[in-house]
Amino acid sequence: MTAKSIVLVEDDPALRLLIARALRASGYDVQTACSGAEMWVLLDHTPADLIVLDIMLPGTTGIDLFRRLRREGDTPIIFISARGNEEDRVLGLELGADDYLAKPFSTRELVARIGAVLRRGAGDADKSGGRTELGFDGWSLSIARRELRSPEGTLVDLTGAEFDLLTTFANQPQRVIGRQRLIELSRTRLSDSSDRSIDVLVSRLRRKLANGGDDAPIITVRGLGYMFTAEVSRG
Amino acid sequence: MPRVNWLRRWGLPARVLAIVAAVMLLDFAVNAFLFERASTFALQEEEAGVLAERLTVADRLLNEGLPANRPALARQLSSDKLTLSWSPHGARPLAAINLAGLKAQLIGYEPALASARLQLHLSPIHFNQGLGGTLVLNDNSVLAFHSRSRETWPLTAGHVIRLLLPTAMLMPLAWMAVFVSLRPLRKLVRASRHVGTPHARPIAVDGPGEVQLLIHAFNAMQKRIDDLLDANTQTMLAIGHDMRTPLARLQLRLDALSIEGDDRQALHDDIAEMRDLFASLQSFVDADAPEAPKERIDLAAMAQTLIDGAQDRGESAQYSGPDRLVVMARAFPLRRALSNLIENALHYGGAVHVRLEDGARWVDIAIEDDGPGIPPESLAKVLQPFVRLDTARARNTAGMGLGLAIADRILRAEGGTLTLENRKAGGLRALARLPAHNLARPGNTSLQTSAFREKSPR
């Protein structure tokens with residue numbers, strides 16, 4: 001298997017060198033650029049498997065580069081930012097970034113994220129899933145922004161585990177999903193992955209999805225698991 | 001509009017002078033009207049005839065009588081309706097109001113009265129209402145009379161009004177005029193309350209010259225303060241993110257070094273702490289300048305989610321309140337503020353109880369812990385940035401003493417407040433208060449479908 005090629009766009013020379021060195025040590029083929037213009041030249045010659053982009057570049061801002069990259073192809077992008085705020089993270093993911101890293105980050109963290117994005121890009125059909133909007137009963141679920149909105153447009157917060165669970169349900173409507181399957185899917189999120197914690201999550205979700213007199217569209221199928229009963233539309 | 005510009009150039013003294021002049025002019029006009037009415041005033045035919053006749057008789061008799069007998073004679077001639085008195089060199093009261101019409105009427109009946117130099121005046125107000133007057137006898141002594149005529153009361157009333165009018169009517173008028181003139185000044189006072197906040201705006205230059213100068217000076221001052229705050233923000237932002245690149249380099253260099261064991265972990269922890277400091281510094285700066293528009297947020301879901309998250313981490317956290325409560329706010333900052341308050345309670349109190357209450361005007365979120373609380377004298381101080389109480393509240397997780405200051409700034413930017421108090425049962429209560437959102441009331445949401453409204457329980 002040939003080494004995956006990564007294009008690194010970073011304007012700080014020392015950091016560029018350090019990141020490139022760390023990635024090479026992890027077995028990647030790394031090419032570096034200090035600006036957007038340089039990146040385009042690089043990409044013209046050799047297509048990359050993944051781009052690591054610093055969002056605060058001089059000249060064209062990272063965001064503009066981003067939009068152009070997304071228009072011209074679907075190379076996975078991880079962007080790194082010197083602003084560690086939540087708004088930036090959401091903006092990046094909404095624009096279609098595959099992952100987001102705030103400075104400072106460790107070599108291990110960076111390599112792990114790159115590995116995860118490359119794996120996802122390799123086989124998963126759900127690659128564009130990061131940009132989907134799901135709708136049911138007037139509710140809308142934005143996967144990119146990790147946001148749930150009620151039919152009246154009210155933002156309704158969910159914990160990470162609740163969000164993942166709802167996404168799982170909404171991706172498989174009108175189908176019974178076993179408790180065991182749900183536990184496996186949410187293992188990464190929950191410290192205590194038991195039947196009980198899934199039941200707790202479901203009851204929390206039901207409470208948040210109950211709107212006025214309407215019950216949440218999640219029913220319990222005795223002995224089997226749960227089923228999401230609402231019609232789901234994709235936008 | 002040239003007319004308005006011309007008016008605007010008027011200074012404060014000119015305006016006050018103009019107001020005084022206007023008041024005086026009005027006073028003059030009212031007086032003129034009253035005098036005019038008095039001069040055409042006439043008694044009823046019969047009453048005037050009787051009065052004229054009796055005055056003529058009295059004039060003739062007193063002229064003929066000896067000066068020594070005159071006071072007694074005057075008393076004898078007096079009746080219920082007409083009082084007469086004589087004095088050798090009596091002073092004649094000046095006629096305050098020209099009763100020319102009445103005088104002409106009386107002389108018309110008895111022309112002899114003209115030669116007696118008849119003079120009429122209205123009785124002073126505290127007397128019985130009526131008409132007074134004087135006649136001059138041949139030897140220049142004076143005969144005064146007072147007639148208790150019922151008909152003079154409209155004149156007397158007019159007299160009273162004339163005396164009261166300036167105070168009763170013209171003073172409020174003058175006050176109104178001054179009030180309007182000083183309106184730009186009050187605008188200035190209101191604006192000064194917003195100096196240094198994101199609501200600060202330059203004031204429109206308006207009003208008298210002096211006030212315009214003041215507004216110019218004020219706007220210049222406000223700009224200087226804004227610039228200072230801006231520089232302050234830029235400095236903090238620079239620290240907040242420009243330092244992240246060198247820190248990232250440090251982290252990667254450390255990763256490449258072959259240091260083992262505790263030293264590596266300690267260095268990692270140091271870098272992590274610095275990262276947290278920069279993050280909280282940036283939150284503090286961001287809190288003051290919210291960019292996103294406000295949107296509908298389910299505050300109950302937000303609070304429950306934070307509490308559930310804490311429970312999932314194994315913390316002792318409780319929520320009581322409604323399942324749904326909509327407010328208009330910005331989600332990111334508000335979540336950060338609540339999260340800071342909850343983490344603060346967990347860190348110092350070990351357990352947290354969040355109570356959400358909906359009111360007519362305010363939504364109250366009380367975040368309570370069972371910790372040691374805060375000494376009363378420090379309650380206000382801990383909302384200041386970079387303040388950390390070193391004894392009881394040893395080391396903040398955010399590390400810089402910014403957690404509460406960030407929450408305070410965010411809530412104020414959302415139109416709310418944050419107050420801290422020690423609970424009677426022990427522990428601290430942080431009360432976050434947000435403006436209630438009336439759209440959340442049932443029936444007001446135009447977005448709801450009618451089917452939904454029918455099913456709605458309320």
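## Surroundings of B:Met236

B:Met236 touches B:Leu281 and B:Val285 once residues up to four places away in sequence are left out of the count. In this predicted model, B:Met236 has its place in helix α9 of chain B, which covers residues 209-242.

B:Ala329 belongs to strand β7 of chain B, which runs over residues 326-329. This residue is buried, since 29 other C-beta atoms lie within 10 Å of B:Ala329.

Setting aside neighbours within four places in sequence, the contacts of B:Ala329 are with B:Lys294, B:Ile297, B:Leu334, B:Glu414 and B:Leu434. The C-alpha atom of B:Ala329 is also separated by 5.5 Å from that of B:Glu295, although the two residues are 34 residues apart along the chain.

## Packing of α12 and α13 in chain B

Two packed helices are described by the angle between their axes and the distance between the axes. For helix α12 (residues 299-312) and helix α13 (residues 331-349) of chain B, the angle is about 40 degrees and the axes are 10 Å apart; α12(B) and α13(B) are therefore oblique to each other. The crossing in which α12(B) passes α13(B) is right-handed.

On the α12(B) side, the residues that meet the partner helix are B:Met302, B:Ala303, B:Leu306 and B:Ala310, and on the α13(B) side they are B:Leu334, B:Arg335, B:Leu338, B:Ser339, B:Ile342 and B:Leu346. By class, this contact of α12(B) with α13(B) holds 8 nonpolar residues, 1 polar residue and 1 charged residue. B:Leu334, listed here for α13(B), is also one of the contacts of B:Ala329.

## Packing of α3 and α5 in chain B

Helix α3 (residues 45-64) and helix α5 (residues 100-109) of chain B pack with their axes 8 Å apart and at an angle of about 65 degrees, and α3(B) and α5(B) are therefore roughly perpendicular to each other. Their crossing is right-handed.

The contact draws on B:Ala48, B:Gly49, B:Leu51, B:Ala52 and B:Glu53 from α3(B), together with B:Gln105, B:Leu106 and B:Tyr109 from α5(B). Where α3(B) meets α5(B), the contact residues divide into 5 nonpolar, 2 polar and 1 charged.

## Chain B as a whole

The secondary structure of chain B consists of 15 helices and 11 strands, and of its 458 residues 29% are buried.

## Contact between chains A and B

How many residues does each chain bring to the contact? Chain A contributes 35 residues and chain B contributes 38 residues. Within chain A, the elements α1 (13-25), α4 (86-95), β9 (155-156) and α8 (195-209) each supply at least two residues of the side that touches chain B, and the largest share of that side, 6 residues, comes from α1(A).

Sorted by class, the side of chain A that touches chain B comprises 13 nonpolar, 10 polar and 12 charged residues.

Methods. Residues numbered from 1 in each chain as written. Chains lettered and ligands numbered in written order. Predicted model: local features only at pLDDT ≥ 70, side-chain atom pairs only at ≥ 80, totals over all residues. Axes fitted to C-alpha atoms, helices over the stretch in contact; angles between N-to-C directions. Helix = DSSP H or I, 4+ residues; strand = E, 2+ residues; numbered from the N terminus. Parallel < 35°, antiparallel > 145°, perpendicular 65-115°, else oblique. Left-handed = near helix turned anticlockwise from the far one by under 90°. Contact = placed C-beta atoms within 7 Å. Nonpolar A, V, L, I, M, F, W, Y, C, P; charged D, E, K, R; others polar. Buried ≥ 20, exposed ≤ 12 C-beta atoms within 10 Å, placed from the backbone.
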